[in-house]
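Dear colleague,

My notes on its aromatic contacts and on one helix packing follow.

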Amino acid sequence: MQDTHEQRLDEVRRLLRAGNLKAAGRRAQEAIADFEAEGLPGPAEYLRAILSCTAEDYAGSLPHFEKAAEDPDLEQLGELWVLRGLAHTHLGEHDCGIECFEKGLGMSGCDAVGTAHYNLGLCWAAKGEQDRAIECYERALAEADYDTPGEAWYSLGGAYYNKGDFDRAADCFEKALNSRGYDKPGKAWNNLGGVYTAEGDYERAIQCYRKALKARGNPSPAYTWYNLAVVYDAASDPKHARECYEQALKTPGYDFPGDAWNGIGMLHFAKGEYAQAARCFMRALALPRHDNPATLELLRVAQDRAERK
């Protein structure tokens, strides 16, 4: 009978992993009714929690996780704590997430060890604890059955980048790009461009940002265009810098257009085109999220020099 219960849960998991949410929902409801009829509230509540998470109702999943955890005979307790940790993480409750992941890892038979270590690392990173995050990502990668190493390599690269260890960061981003099944190369190319920018290797940075714009999985191409503009500007190529700033402004999803207008204004300022620079600085300051004292000072200087010409 216990094998049958596990088979029901496995079938729901399999359907969820395959992205067949409707079939998973139907099968889960059937299994919940069976579990309750058999006097097994733990598995029933566990499935309800999983369905809530699938519907992105993370807050709604927590009471079901709590009730399921009260069942001492629930065989999936380790997995339950890991999934509950994921729910807290989605809600931005990183301390609760850490507690749940550590509980899951402390239970024998937890079959989501790599996932737990990886997400524990994300929680520590969100709290600024980069060294602890690095330790967790490395533990995830050490698990032979961890099936998303590309994400762990990517996050490990981010942690090293935040520590200023650019060589290790670059190595990790490259390993993410070479990981089988990694489906977000645009993110890794973008961050690799950031590494080379920080190191002053503008030619390689430009190559990486160009690849990020062509690759799938880039969540913010507008920011890639902006970063590319900054690199061209640093490389003394104002023509391409201007083109990239303008492309950033045209690309949907760019939340800080004032930065691009400020950059264009700086290009005009460097050429002695103070009136044009002043107009760009004014456009930047008129936009939300760009209450920048430095831009205000540049506007004052540009207007003063324009009046003198």
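The count comes to nine aromatic pairs, where rings of Phe, Tyr and Trp (its six-membered ring) pair if their centres lie within 6.5 Å, with planes under 30 degrees apart taken as stacked, over 60 as edge-to-face and the rest as tilted. Y154 and F173 form a tilted pair, 5.7 Å centre to centre with 50 degrees between the planes. Because Y154 belongs to helix α9 (residues 149–162) and F173 to helix α10 (residues 166–177), this pair ties together parts 19 residues apart in sequence; helices are DSSP runs of H or I, at least four residues, numbered from the N terminus. Y154 is buried at 14% relative accessible area, and F173 is buried at 0% (buried means under 20%, with a 1.4 Å probe and protein chains only).

The model is predicted, so local features need pLDDT of at least 70 and side-chain atom pairs pLDDT 80 or more, while totals for chains, interfaces and linings use all residues. Residues are numbered from 1 along each chain as its sequence is written, and side-chain values use heavy atoms, without hydrogens or water.

One aromatic cluster comprises Y223, Y226, Y245, Y254 and F256. Over the ring of F256 sits the charged end of R289, 5.3 Å from the ring centre (the criterion is NZ of Lys or CZ of Arg within 6 Å of the ring centre and within 35 degrees of the ring normal). The charged end of R132 likewise sits over the ring of W124, 4.3 Å from its centre.

W124 of α7 and R132 of α8 are also among the residues that make the contact between these helices (heavy atoms within 4.5 Å).

Conventions:
Helix = DSSP H or I, 4+ residues; strand = E, 2+ residues; numbered from the N terminus. Buried < 20%, exposed > 50% of the residue type's maximum accessible area, 1.4 Å probe, protein only.
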